[in-house]
Amino acid sequence: MTETTFTETSSKTTTASAFGASAPDARLRALEIQRRAVGPSDVRIDIQFCGICHSDIHFSRGEWGQIPYPAVPGHEIAGIVAEVGSEVTRFVPGDRVGVGCMVNSCRECENCEAGDEQYCLQGNTQTYGSIDRDGTVTYGGYSDHVVVDQDFVLNIPDGLDLDAAAPLLCAGITTYSPLRRWNAGPGKRVAVVGLGGLGHMAVKLAHAMGADVTVLSQSLRKQEDGLRLGADAYHATSDDATFAELAGRFDLIVNTVSAGIDIGRFLTLLRTDGALVNVGAPPEPLPVPAMALITQRRSFAGSAIGSIGETQEMLDFCAEHGIGAEIEVISADQINEAWERVLASDVRYRFVIDNSTL
Ligand code: NAP
Ligand code: ZN
Ligand code: ZN
């Protein structure tokens, strides 16, 4: 019976236009993929905009390990509900919605039960490159539509433009979650390492939470922008004087850098009991000198995106505070060039694909 049902469902897949890579070193190109038919608890979303996250590049190029090809990345999805399944209660066609980095989880492990489905003990189902729980391969938001279980779809509040809201679904929640957990707020000094997609959201969010915010960037090239986005101070990490001047200053450092950095040096900038939280996900290990932790009871931690509940909270917070991403909207034929600019740290501050150009 189950097999029959599955066969019937899979025979009703829909063809989607997409942009993807067929090998680690291949340029992205237009291709067609199959999406599953809308099941009882599914929502079909016409994608209007999709942000370009550095993770899209790490993943598609196989930097985190082998992946299935073609790779269709994109997990900063904003669009409009086009169709809902018979059991969907949370959405109706026409709703403005978003999808982030995960589209499913086991729903029964300790972490899922606790509302931390991003840390599902069986592994959450990623928006791209995963096998979904119905057996289909997941493809991301560089595509014209997507089919997602309603429990993993977010409401985008009316006050937020869809293009500027798209990056909130990854860059926004990935920085909001550690800022909240490590109590960024009035009286707290927060440093953000790297002013890219995640970094610029961290600055905006920490500032809106009331923290004193410092940007630690490779150079002073983007200083004016950093201060405009809400930073109170801006320093170049290429200047050794920065590390002497800021020693022992911060309660929290959020590292958003996509490459390896000298973590030990940054730990010295924490005060006693301070924490350095890594959200950057370079493929190589980040060696941590024990003494830098021990001598001032400092912590080194990591954090992955946020739960669905926390993502909705973040979107509502952004609407309340008028926060969207700083974006450069591009057409599909500019994706390869945009990736090169991300790799060159030449992004101000998130590329967002206009999916009507796919
Ligand atoms: P991005 O836009 O490229 O920003 C990264 C920034 O890091 C750059 O703008 C640059 O800032 C700095 N940087 C780059 N290379 C550097 C180097 N060699 N040394 C020092 N600084 C360097 O990338 P993103 O989209 O924000 O993503 C950042 C990282 O977070 C990626 O590794 C991504 O995979 C990861 N990520 C993790 C999660 C999670 O759940 N933990 C979620 C999303 C993304 P400056 O020019 O200001 O120095
Ligand atoms: Zn991402
Ligand atoms: Zn689970």
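Me: In this predicted model, a residue counts as near a molecule if one of its heavy atoms lies within 4 Å of it. Which residues come nearest to ligand 1?
Reply: The model is predicted. Around ligand 1 there are 30 residues. Of these, the ones that come nearest are S55, L195, S217, K222 and R350.

Me: At what distance from an oxygen atom of ligand 1 is an N or O atom in the side chain of S217?
Reply: Several side chains place polar atoms by oxygen atoms of ligand 1. For H54, a polar side-chain atom lies 2.8 Å from an oxygen atom of the ligand, and for S55 an N or O atom of the side chain is 2.8 Å from one. For S217, the distance from a side-chain N or O atom to a ligand oxygen is 2.6 Å.

Me: What percentage of the accessible area of ligand 1 does the protein cover?
Reply: On its own, ligand 1 has 930 Å² of accessible area.

Me: Which element gives the largest share of the shell around ligand 1?
Reply: Two elements give two or more residues to the shell, namely α2 (54-60) and α6 (197-208). By class, the shell holds 14 nonpolar, 14 polar and 2 charged residues. The largest share, 3 residues, comes from α2.

Me: How many residues apart are H75 and C170, which link distant parts of the chain?
Reply: H75 is in the loop between α2 and β4 (77-84). C170 is in the loop between α4 (162-165) and α5 (171-181). The separation of H75 and C170 is 95 residues.

Me: Why is one side of β12 and of β15 left without a neighbour in the sheet?
Reply: The open sheet has 6 strands with parallel pairing, in the order β12-β11-β10-β13-β14-β15. β12 (233-236) and β15 (299-302) stand at its edges, so one side of each has no neighbour in the sheet. From one strand to the next, the twist averages 20°. The reason asked for is that each edge strand has a single partner strand.

Me: Which residue of β13 is the bridge partner of A191?
Reply: Strands β10 (residues 189-193) and β13 (residues 250-255) run parallel and are joined by 4 bridges. In β13, A191 has as its bridge partner I253.

Me: What is omega of the cis peptide bond from R348 to Y349?
Reply: Most peptide bonds are trans. A cis bond joins Y69 and P70, with omega about 5°, and P70 is in the loop between α2 and β4. Y349 is in the loop between α12 (335-343) and β17 (350-354). For the cis bond from R348 to Y349, omega is near -10°.

Me: Where is I305, a residue other than glycine with a positive phi?
Reply: Most residues other than glycine have a negative phi. N183, in the loop between α5 and β10, has a positive phi near 60°. Phi of I305 is also positive, near 25°. The place of I305 is the loop between β15 and α11 (308-321).

Conventions:
Residues are numbered from 1 along each chain as its sequence is written. Chains are lettered from A and ligands numbered from 1 in the order in which they are written. This is a predicted model: local features need pLDDT of at least 70, side-chain atom pairs count only at pLDDT 80 or more; totals for chains, interfaces and linings use all residues. Side-chain values use heavy atoms; hydrogens and water are left out. Two strands pair if DSSP finds at least two bridges between them. Axes are lines fitted to C-alpha atoms, for helices over the stretch in contact, and angles run from 0 to 180 degrees between N-to-C directions. A polar contact is a pair of N or O atoms within 3.5 Å; within protein, one must be able to donate a hydrogen and the other to accept it, and residues adjacent in sequence count only if both atoms are side-chain atoms. Accessible areas come from the Shrake-Rupley method with a 1.4 Å probe; for residues, only the protein chains shown count as cover. Ala, Val, Leu, Ile, Met, Phe, Trp, Tyr, Cys and Pro count as nonpolar, Asp, Glu, Lys and Arg as charged, and the others, Gly among them, as polar.
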